[in-house]
Amino acid sequence: MHKRSIDFSKLEKQASETNIRFSHEKQSCNLPLVSCHISHTTARTKAILQKNLKRSALFSGKIQGIGPRYCPSIEDKIVRFSHKETHQAFLEPEGLESAEIYISGISSSMPFDVQLDVIRSMDGMEKAEIMRPAYAIEYDWVESGQITNTLESRLVKNLFFAGQINGTTGYEEAAAQGLAAGINAANRALLPSEEEAQKRFLLKRSEAYLGVMIDDLITKEVTEPYRLFTSRAEHRLLLRQDNAEERLFETAFLHKTISEERYHRLKAEKELIEEEKKRLAATYVYFEKKRSSLKQLLGRPEINYEKLLELFPSQVRDLSAEINRRLEIELKYSGYLVRQEKEVRGLDHLEKTLLPEDFAFDLITGLRTEAKEKLKKFRPPNLGAASRINGVSPADISVLLVFLQKKRLKKIPPV
């Protein structure tokens with residue numbers, strides 16, 4: 001949409017809350033904060049869409065694929081949620097100097113004339129100008145079970161896949177896979193086979209959302225475009241934005257994706273945080289006539305790190321806004337974090353019990369037929385991944401574990 005054609009006075013303003021950077025490398029950011037706005041569809045919008053439903057590529061049969069469940073088109077919304085009279089749309093500036101406003105929430109496969117009528121039936125957009133219309137896409141993807149945990153094709157050696165071809169949708173999902181596939185492809189091309197096998201870029205579900213996504217792609221049937229949500233991660237308290245560098249800097253340095261200087265800085269920062277957490281736990285003060293450690297005080301809902309600095313300036317160190325926030329999160333929620341770390345350690349033995357690519361599942365008596373078929377299809381790299389395949393029960397994992405303990409991996413005959 002062109003900015004000049006929108007009546008923002010009729011719209012609800014959504015101000016930016018904070019200036020959070022994607023990169024921790026840049027230490028200052030002076031860009032201005034811009035606001036988004038919210039509009040709504042109307043009864044007229046609904047009537048236009050219902051009248052023209054057969055002209056939609058999604059409903060006319062021109063597109064056969066299943067659309068993404070979590071961001072349906074506006075015509076899909078009025079069919080699936082017919083009881084709702086209005087739907088929200090978010091108006092997002094494309095850039096600080098751009099006149100373009102992107103409208104999120106009303107993706108569409110309707111012809112241009114219908115799209116224009118729909119847009120102009122909405123609040124604040126009665127005179128709207130469309131700069132680029134919406135469009136629908138349909139793409140092919142590799143069937144579930146055809147890629148390994150390095151994103152290499154099982155059918156064509158040395159061919160690595162990333163993005164929509166693996167069944168995902170979304171920019172971040174594609175970029176993350178591109179990083180993983182790119183590192184593994186580069187290692188395959190540049191390193192001797194023995195070294196490459198030791199340096200495969202593999203992340204656990206407890207280490208990164210990228211690990212969660214790849215594990216889902218290799219252990220689950222992909223029947224609709226896959227999106228990564230925090231709810232997909234069992235240990236999401238450990239997978240936070242503030243600790244991303246701490247979680248992954250060792251792996252990043254191993255694969256030469258960060259500089260030596262940055263590695264040493266992050267290592268020193270991690271050591272500083274660990275040291276400060278111990279110091280705050282061991283430093284006692286009197287507050288409201290009671291003796292408490294600074295860690296215990298930070299555990300109170302009404303006290304944050306800034307308040308702690310204000311109350312005890314001589315005992316609390318002001319390190320930096322980011323490190324202060326890290327300390328506050330890790331100390332305030334330490335009980336929950338310790339619990340999740342314990343859960344991860346409890347499951348670690350399954351992740352470390354490897355299954356070779358040619359593992360002969362058919363030879364294992366006591367393994368259910370459904371489990372054998374699923375395990376042969378997905379070829380999980382370890383018992384942890386095997387346990388997450390639909391159709392493989394805890395009893396099947398126990399059978400596998402007993403079999404491995406008896407035979408040892410090296411003695412198991414190939415398929």
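## Overall build

Helices (DSSP H or I, at least four residues) and strands (E, at least two) are DSSP runs, numbered from the N terminus. The model is predicted: local features need pLDDT of at least 70 and side-chain atom pairs count only at pLDDT 80 or more, while totals for chains, interfaces and linings use all residues. Residues are numbered from 1 along each chain as its sequence is written, and side-chain values use heavy atoms, with hydrogens and water left out.

The protein chain holds 16 helices and six strands. Along the principal axes, its C-alpha atoms fill a box of roughly 70 × 70 × 45 Å. Of the 415 residues, 41% are buried (under 20% relative accessible area; exposed is over 50%, and partly exposed lies in between, with a 1.4 Å probe and protein chains only). Contact is counted when heavy atoms lie within 4.5 Å. Among contacts between residues at least 6 apart in sequence, 62% join residues at least 24 apart.

## Surface and a nonpolar patch

The chain exposes about 24,300 Å², of which carbon and sulfur atoms supply 53% (Shrake-Rupley method, 1.4 Å probe; for residues, only the protein chains shown count as cover). L31, V34 and L96 make a nonpolar surface patch of about 260 Å². Patch residues have over 30% relative accessible area and no salt bridge; like charges are joined within 9 Å, and nonpolar side chains (Val, Leu, Ile, Met, Phe, Trp, Tyr) within 5 Å.

L96 belongs to the loop between β3 (88-93) and β4 (101-104). With a relative accessible area of 43%, L96 is partly exposed.

## Helices α5 and α7

Helix α5 (residues 171-190) packs against helix α7 (residues 209-219) at an angle of about 90°, and their axes are 10 Å apart. The axes are lines fitted to C-alpha atoms, for helices over the stretch in contact, and the angle runs from 0 to 180 degrees between N-to-C directions. Helices α5 and α7 are therefore roughly perpendicular to each other (65 to 115 degrees; under 35 is roughly parallel, over 145 roughly antiparallel, and the rest oblique).

On the α5 side, the residues that meet α7 are E173, A176, Q177 and A180. Their partners in α7 are L210, M213, I214 and L217.

N243 sits in the loop between α7 and α8 (244-254). At 8% relative accessibility, N243 is buried. Apart from neighbours within four places in sequence, N243 contacts L238, R326 and E330.

In α8 itself, the buried residues are E245, F249, T251 and A252. These buried residues pack against α9 (260-282). Just after α8, K256 takes a positive phi of about 60°.

## Salt bridges

A salt bridge is a side-chain nitrogen of Lys or Arg within 4 Å of a carboxyl oxygen of Asp or Glu. By this rule the structure has 38 salt bridges. One of them joins the side chains of R240 and E330, at 3.2 Å from N to O. This pair links distant parts of the chain, 90 residues apart: R240 is in the loop between α7 and α8, and E330 is in helix α12 (residues 321-332). Both R240 and E330 are buried. E330 is also one of the contacts of N243.

Another bridge pairs E302 with R300, their closest N and O atoms being 3.7 Å apart. E302 is exposed at 53% relative accessibility, whereas R300 is partly exposed at 22%. K376 and E373 form a further bridge, with the closest N and O atoms 3.5 Å apart. K376 and E373 are three residues apart in helix α14 (residues 369-378), which separates them by about one helical turn. K376 is partly exposed at 28% relative accessibility, and E373 is partly exposed at 45%. Elsewhere, a network of salt bridges links R205, D215, D216, K220, E234, E351 and R388.

## V285 in strand β5

V285 lies in strand β5 (residues 284-287). Its relative accessible area is 5%, so V285 counts as buried. Not counting residues up to four places away in sequence, V285 touches K290, R291, S292, L294, L297, F312 and Q315. P394 is 109 residues from V285 in sequence, and their C-alpha atoms are 50 Å apart in space.
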